[in-house]
Amino acid sequence: MTDRPSLRARGQLRPLDRSILLAEAPAAAERVLGLVLTSSIGDATVSVRIVETEAYRQDDPASHSSRGRTPTTEPMFGPPGFSYVYFTYGMHHCMNVSCEPDGIGAAVLLRAGVVVEGVEAAQVRRPGSPQRDLARGPARLAAALAIERSWSGRDLLDPAGALRLADDGWRPGADTIVAGPRTGVRHGSRTPWRFWLDGVAEVSPHRRHAKAQR
DNA sequence: CTACCGATATTCT
DNA sequence: GAATATCGGTAGA
């Protein structure tokens with residue numbers, strides 16, 4: 001069980017080394033756990049500590065990049081450390097961080113976070129939500145941080161950007177990271193490319209795709 | 001807790 | 001037309 005105080009404590013934010021995202025998507029997805037994503041979109045600043053991720057690669061039928069480079073999936077094919085935001089089910093946005101070298105279509109989906117700054121602003125964006133659920137799930141996380149598709153393709157490692165990913169000095173212990181099958185995917189549902197921090201209440205409940213196969 | 005369902009836009013067949 | 005990297009509601013165990 002990861003102790004709760006460590007999830008909320010904040011040290012000095014340091015810029016990330018882009019090379020940590022140069023890794024293959026599953027390794028990059030593990031490395032993103034524990035990092036802090038900050039949004040200064042609109043008139044509020046909201047930060048979350050990432051506690052759940054999923055890896056998507058080019059040779060993977062569940063990945064948006066598997067059917068080639070398109071204008072929407074372009075950020076997945078660019079250099080590591082850029083945002084890829086997609087719109088799905090007619091109403092939800094989801095946020096990814098590109099990984100792997102320039103030219104390869106891969107990214108880490110940010111599935112859940114603990115709000116460590118700007119709880120009040122997040123509550124305004126997600127009225128009626130219990131605090132635990134403010135960023136529990138990829139579309140909820142995007143909503144809490146006011147991320148929409150216009151924020152796709154941004155460099156998250158630019159310390160002056162409105163959307164930025166950083167390390168505040170806290171890192172999860174290797175023995176607190178758990179892996180399992182990805183949530184809601186129809187193809188490739190047996191690949192254990194979902195990663196989360198053990199025992200953290202803000203991790204989203206696992207949902208199988210209704211017609212999951214392979 | 002699990003299971004189902006409807007809402008809804010973009011992309012693919 | 002059909003499918004979808006989801007969510008929030010309701011119903012039931």
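Glu52 forms a salt bridge with Arg194, with the closest N and O atoms 2.7 Å apart; a salt bridge is taken here as a side-chain nitrogen of Lys or Arg within 4 Å of a carboxyl oxygen of Asp or Glu. Glu52 lies in strand E3 and Arg194 in strand E9 (residues 194-197), so the pair ties together parts that are 142 residues apart in sequence. Helices (H or I, at least four residues) and strands (E, at least two) are DSSP runs, numbered from the N terminus. The structure is a predicted model, in which local features need pLDDT of at least 70 and side-chain atom pairs count only at pLDDT 80 or more, while totals for chains, interfaces and linings use all residues. Side-chain values use heavy atoms, with hydrogens and water left out; residues are numbered from 1 along each chain as its sequence is written, and chains are lettered from A and ligands numbered from 1 in the order in which they are written.

Both partners of this pair are buried, a class defined as under 20% relative accessible area, against over 50% for exposed and in between for partly exposed (1.4 Å probe, protein chains only). The relative accessibility of Glu52 is 0%, and that of Arg194 is 4%. The side chain of Glu52 also meets that of Arg111 in a salt bridge, at 2.9 Å from N to O. Here the link runs from strand E3 (residues 46-56), which holds Glu52, to strand E6, which holds Arg111, so parts 59 residues apart in sequence are tied together. Arg111 is buried, as is Glu52. Together with Glu54, the residues Glu52, Arg111 and Arg194 are linked in a network of salt bridges. Side chains of opposite charge can pair when their charged atoms come close.

Over the whole structure, the search finds 11 salt bridges. One of them joins Glu74 to Arg69, with the closest N and O atoms 2.9 Å apart. In this pair Glu74 is partly exposed, at 33% relative accessibility, and Arg69 is also partly exposed, with a relative accessible area of 48%.

Gly113, in strand E6, is 63 residues from Ile50 in sequence, yet the two C-alpha atoms are 4.3 Å apart in space. Gly113 is buried, with a relative accessible area of 2%. Glu117 counts as partly exposed, at 29% relative accessibility.

A disulfide is a covalent bond between the sulfur atoms of two cysteines. With a disulfide defined as a pair of cysteine sulfur atoms within 2.5 Å, the whole structure contains 0 disulfides. For Cys94, the closest cysteine sulfur is that of Cys99, 16 Å away and too far for a bond. Cys94 counts as buried at 5% relative accessibility, and Cys99 is buried with a relative accessible area of 0%.

Backbone geometry was examined next. Most residues other than glycine have a negative phi, and most peptide bonds are trans. Glu100, although not a glycine, has a positive phi of about 65°. Glu100 is placed in the loop between E5 and strand E6 (107-117) and is buried, with a relative accessible area of 3%. Ala146 likewise is not a glycine and has a positive phi, of about 60°. The loop that holds Ala146 runs between helix H5 (138-144) and strand E7 (163-167). At 23% relative accessibility, Ala146 counts as partly exposed.

The residues around DNA strand B are Arg67, Thr72, Phe87, Tyr89, Gly90, Met91 and Arg149, a residue being near a molecule or strand if one of its heavy atoms lies within 4 Å of it. By class, this surface has 3 nonpolar, 2 polar and 2 charged residues; Ala, Val, Leu, Ile, Met, Phe, Trp, Tyr, Cys and Pro count as nonpolar, Asp, Glu, Lys and Arg as charged, and the others, Gly among them, as polar. Of the atoms of DNA strand B within 4 Å of the protein, 50% belong to sugar or phosphate and the rest to bases.
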